[in-house]
Amino acid sequence: MNTQTRNRVLYPILVPVAVLLVMGGFIGLVALVLLYTTHNAALMIAAVAAGGILFSISLAATRDKLDLGAKAVLMFAAAVPFVLGGAYALGVIGDIDDDDRNINVEPLLVIPDDAPLIAAENSVEFCMPDNGGCEPIFDWDIVPSQETDFLSFFFENREVGVGHNVVFYELEGTEESPSPGPAIFGSPVKPGYFLEGYVSEVRWDELPEVFYFNCAVHPNMDGIARLVEEA
């Protein structure tokens, strides 16, 4: 293959591939640095790196042509945060307890796999998502989680542009004619198409066997919940 053919065929392929590989390697190294430092260190590295990038852009924008000194400043501004972060992650600078590294930190919110799910797709009644649909629900049997002592649940608002939430109360009246007693716990009002897990401070063994729930925005959306061994 002669030089002219190589320039026309290989370079247009090899150069972009090489650039992508370098970018992928750089992103991977940055990710490792951030994962193996602490939360506060990762925030500081990201902030300093962002400042370095902005400084590099502003410097390049004010120069028609970058001399060797300017290029060195740009490289320094871009590389220093990650070099220092890597040194910190490796223990060359400072000392990090393994439990404090981002890669080992437990998530703040852990929703059990068996957490109950309830949704709102209109302003009339709650429903239970099932195979892409949502079946209307008034009587709700909840099986306590085996993974945690505290009640966790997902609430999904499927009604676009309308706020909904779920609030749980002690039951007053009868199951046939229920009314809300003192509030036990609840979720904040969320806009349409919002899915989020909530963890209550109420333990399963502190909940009544039967309680009442409704939407604070639309109190007519209500129901009776029961704690049962099997749904």
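Trainee: Let's start with Glu 159. Is that residue buried or exposed?
Mentor: Glu 159 is buried, and it has no salt bridge. Keep in mind that this is a predicted model.

Trainee: Which side chain of opposite charge is nearest to Glu 159, then?
Mentor: That would be Arg 158, 11 Å away.

Trainee: Okay, and what does Glu 159 touch?
Mentor: Leaving out residues up to four places away in sequence, Glu 159 touches Ala 120, Glu 121, Asn 122, Ser 123, His 164 and Gly 192.

Trainee: What does E6 pair with?
Mentor: Strand E6 (residues 167-173) pairs with strand E7 (residues 178-186) in the antiparallel sense, over six bridges. The two form a hairpin with four residues between them.

Trainee: Switching to E4: which residues are on its covered face?
Mentor: Trp 140 and Ile 142. The uncovered face of E4, which spans residues 139-142, has Asp 139 and Asp 141. In a regular strand, side chains alternate between the two faces of the sheet.

Trainee: And is the pairing of E4 with E10 parallel or antiparallel?
Mentor: E4 and strand E10 (residues 222-227) pair in the parallel sense, over four bridges. Asp 139 has Ile 224 in E10 as its bridge partner.

Trainee: Now the helices. What's the span of H4?
Mentor: H4 covers residues 68-90, so 23 residues, and reaches 31 Å from first C-alpha to last. That is close to the 33 Å expected at 1.5 Å a residue.

Trainee: Where is the kink in H4?
Mentor: At Ala 79, shortly before the proline Pro 81, and the kink is about 40°. Pro 81 itself is one of the buried residues of H4, which also include Leu 74, Phe 82 and Gly 85.

Trainee: What happens just after H4?
Mentor: Gly 91 takes a positive phi of about 85° there.

Trainee: Last one, zooming out: how many helices and strands does the chain have?
Mentor: Four helices and ten strands. Along the sequence, the pattern is α-α-α-α-β-β-β-β-β-β-β-β-β-β. Buried residues make up 32% of the 231 residues. Among contacts with a separation of 6 or more, 65% join residues 24 or more positions apart.

How values were computed: Residues are numbered from 1 along each chain as its sequence is written. This is a predicted model: local features need pLDDT of at least 70, side-chain atom pairs count only at pLDDT 80 or more; totals for chains, interfaces and linings use all residues. Side-chain values use heavy atoms; hydrogens and water are left out. The bend at a residue is the angle between axes fitted to the seven residues ending there and the seven starting there. Buried means under 20% relative accessible area, exposed over 50%, partly exposed in between (1.4 Å probe, protein chains only). Two strands pair if DSSP finds at least two bridges between them. Lys and Arg count as positive and Asp and Glu as negative; His and the chain ends are not counted. A salt bridge is a side-chain nitrogen of Lys or Arg within 4 Å of a carboxyl oxygen of Asp or Glu. Contact means heavy atoms within 4.5 Å.
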